[in-house]
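Here are my notes on this one, written with the coordinates open. Have a look at the model first, then go through the points below.

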Amino acid sequence: MDREELITELQKAIRKSQHHRHRYGNKEDSKRGIVLKYLYDQGGSASPGRICTLLHVTTARVTVLLNELEEEHLIIREVAPHDRRRVCVELTEKGRQSVEQWNRRGREETERLVEKIGEEDAKALLRICHAMEEIRNEDSVK
């Protein structure tokens with residue numbers, strides 16, 4: 001694994017670990033970030049129901065969260081063109097730019113981490129992150 005791949009994989013693993021930690025907490029800012037990053041990764045849109053599943057929260061909680069994101073012009077909600085009974089949550093240009101800025105910042109932080117601890121320790125950290133993910137996956141099956 002070269003240095004660029006290491007940084008990319010470590011950044012993904014750290015993000016997954018942070019997502020899991022916040023998933024069970026009550027950190028509204030992290031939930032907002034998770035929703036925006038999820039929409040970004042999904043090509044810009046998803047259903048409110050999918051967001052409920054992602055966050056493990058009620059429809060009412062997601063509605064409040066989406067209202068806040070919409071007020072900040074980070075998302076819009078529109079009737080799905082293929083099924084007028086459904087709503088699509090879409091990332092706005094402002095929302096997309098916010099996620100890209102977070103991604104750049106996260107990449108820079110991960111690059112600094114690898115620089116500080118060295119590539120061998122970064123590889124060890126990546127293995128540990130993967131082991132933690134395996135344990136979480138095993139625990140979620142139980």
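1. Start with a residue on the outside: Glu120 has 59% relative accessibility, so it counts as exposed. The cut-offs here are buried under 20% relative accessible area, exposed over 50%, and partly exposed in between (1.4 Å probe, protein chains only). Lys123 is partly exposed, with a relative accessible area of 24%. The two side chains meet in a salt bridge, 3.9 Å from N to O; a salt bridge means a side-chain nitrogen of Lys or Arg within 4 Å of a carboxyl oxygen of Asp or Glu. Glu120 and Lys123 are both in helix 6, three residues apart, which is about one turn of the helix.

2. Before you go further, some housekeeping: this is a predicted model, where local features need pLDDT of at least 70 and side-chain atom pairs count only at pLDDT 80 or more, while totals for chains, interfaces and linings use all residues. Residues are numbered from 1 along each chain as its sequence is written, and side-chain values use heavy atoms, with hydrogens and water left out.

3. For the overall picture, the protein has six helices and three strands, in the order α-α-β-α-α-β-β-α-α along the sequence. These elements are DSSP runs numbered from the N terminus: helices are H or I with at least four residues, strands are E with at least two. The C-alpha atoms fill a box of roughly 55 × 40 × 30 Å along the principal axes. Of the 142 residues, 32% are buried. Taking contacts (heavy atoms within 4.5 Å) between residues at least 6 apart in sequence, 57% join residues at least 24 apart.

4. Now helix 5, residues 93-117. Buried residues in helix 5 include Gly95, Arg107 and Val114. Just after helix 5, Gly118 takes a positive phi of about 90°.

5. How do helix 5 and helix 6 (residues 119-141) cross? Their axes come within 6 Å and cross at roughly 120°, with axes fitted to C-alpha atoms over the stretch in contact and angles running from 0 to 180 degrees between N-to-C directions. The two helices are therefore oblique to each other: under 35 degrees is roughly parallel, over 145 roughly antiparallel, 65 to 115 roughly perpendicular, and the rest oblique.

6. Which residues make that contact? Leu113, Val114 and Ile117 of helix 5 meet Glu119, Asp121, Ala122 and Leu125 of helix 6. These residues divide into five nonpolar, no polar and two charged. In that scheme Ala, Val, Leu, Ile, Met, Phe, Trp, Tyr, Cys and Pro are nonpolar, Asp, Glu, Lys and Arg are charged, and the others, Gly among them, are polar.

7. Back to charges: the whole structure has 14 salt bridges. Arg96 and Glu93 sit three residues apart in helix 5, so about one helical turn separates them. Arg96 is partly exposed at 27% relative accessibility, and Glu93 is partly exposed at 43%.

8. Is the pair Glu133 and Arg136 buried or exposed? Both are buried, and their side chains form a salt bridge at 2.7 Å, N to O. Separately, salt bridges with shared partners join Arg3, Glu115 and Glu119 into one network.
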